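Let us take the labels used for this model and test each against its cut-off.

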Amino acid sequence: MKVFLVGAGPGDPDLLTLKAARLLTNADVVLHDSLIGPAILALIHPAADIIDVGKRCGKISTSQAEICRLLVETALTGKRVVRLKGGDPTIFGRLTEEMEALRQAKITFEVVPGVTAASAAAAALQTSLTQRNVARTLHIVTGHGAERGLPVHNWAALAQAGGTLAIYMGSKYLPGLVTKLLAAGASAELPVVAVEWASLPEQQIIRTSLVKLPEVLAKADPNGPVLLLVGLALGSI
Ligand SMILES: C[S@@+](CC[C@H](N)C(=O)[O-])C[C@H]1O[C@@H](n2cnc3c(N)ncnc32)[C@H](O)[C@@H]1O
């Protein structure tokens, strides 16, 4: 039996792919991340087992090794298994570890893409992430290092690329992240938009500049997932 590693998109069930919706309706077991909301979980067949294996804000409910073990164990029962991940599974989704565990167990799988948070945030802003003569590059970066703390990026390259930066998981180490970008030559006045809960009714949009971002975001104190978009494509503040 094939396992499906499925992207759930940013939260709005209308942004699921038709394939994702069909797989959810037919699954016997769904292992999902904690960010997957009730409207999407409601599409799962009532008789299916729904297992929350999510991790949020460093609060670990299930370790990655345990998720991999559970995924393999469930797949070996022969049931129809969907591993449902927020956004697109190939972007900051720990997909590699899960595919490796399945390969080692000789279990076939298929990856089903989803709408990533940066696309949902850009749609909410009615802004194109790339723009002729304004933003010729789009960098998708994490604001969170694998070893806890700031990630190791080529900050100079990011600051000087002159395109759009989409920063995932950027809230926790935000002051350090902004300091790195400014020190690397990014303009203090660069427009930034923080989008919380993109695509959902709770969506919040905060516009500011790079230099003011840590203070403005600390005041707003969002408790949902936040995607940061930085660059001239975001327009005037
Ligand atoms: C572990 S990453 C997973 C990203 C996901 N695979 C994707 O493609 O969107 C989680 C981060 O994605 C961003 N994120 C996910 N869903 C979001 C949403 N609906 N609104 C804003 N940011 C979101 C936040 O930066 C959050 O901290």
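Q: How many salt bridges link domain 1 and domain 2?
A: The count between domain 1 and domain 2 is zero. This is a predicted model. One residue pair is in polar contact across the two domains, both residues at pLDDT 80 or more. On the side of domain 1 that touches domain 2, six residues are nonpolar, one is polar and two are charged.

Q: What makes up the area buried between domain 1 and domain 2?
A: About 860 Å² is buried there, and carbon and sulfur atoms give 69% of that area. Nine residues of domain 1 contact 14 residues of domain 2.

Q: Why is the pair Glu98 and Lys85 called a salt bridge?
A: The cut-off is a nitrogen within 4 Å of a carboxyl oxygen. The closest N and O atoms of Glu98 and Lys85 are 3.1 Å apart, so the pair qualifies. Glu98 lies in helix α4 and Lys85 in strand β6, so the pair ties together parts 13 residues apart in sequence.

Q: Why do Glu98 and Lys85 count as buried?
A: Buried means under 20% relative accessible area. Glu98 has 0%. Lys85 has 2%. Both therefore count as buried.

Q: What makes Arg69 and Glu66 a salt bridge?
A: Their side chains meet at 2.9 Å, N to O. The limit is 4 Å, so the label holds. Both residues lie in helix α3, three residues apart, about one turn of the helix.

Q: Why is Arg69 called partly exposed?
A: Its relative accessibility is 40%.

Conventions: Residues numbered from 1 in each chain as written. Predicted model: local features only at pLDDT ≥ 70, side-chain atom pairs only at ≥ 80, totals over all residues. Heavy atoms only, no water. Contact = heavy atoms within 4.5 Å. Buried area = accessible area lost by both parts, 1.4 Å probe. Polar contact = N/O pair within 3.5 Å; in protein donor to acceptor, adjacent residues only side chain to side chain. Nonpolar A, V, L, I, M, F, W, Y, C, P; charged D, E, K, R; others polar. Helix = DSSP H or I, 4+ residues; strand = E, 2+ residues; numbered from the N terminus. Buried < 20%, exposed > 50% of the residue type's maximum accessible area, 1.4 Å probe, protein only.
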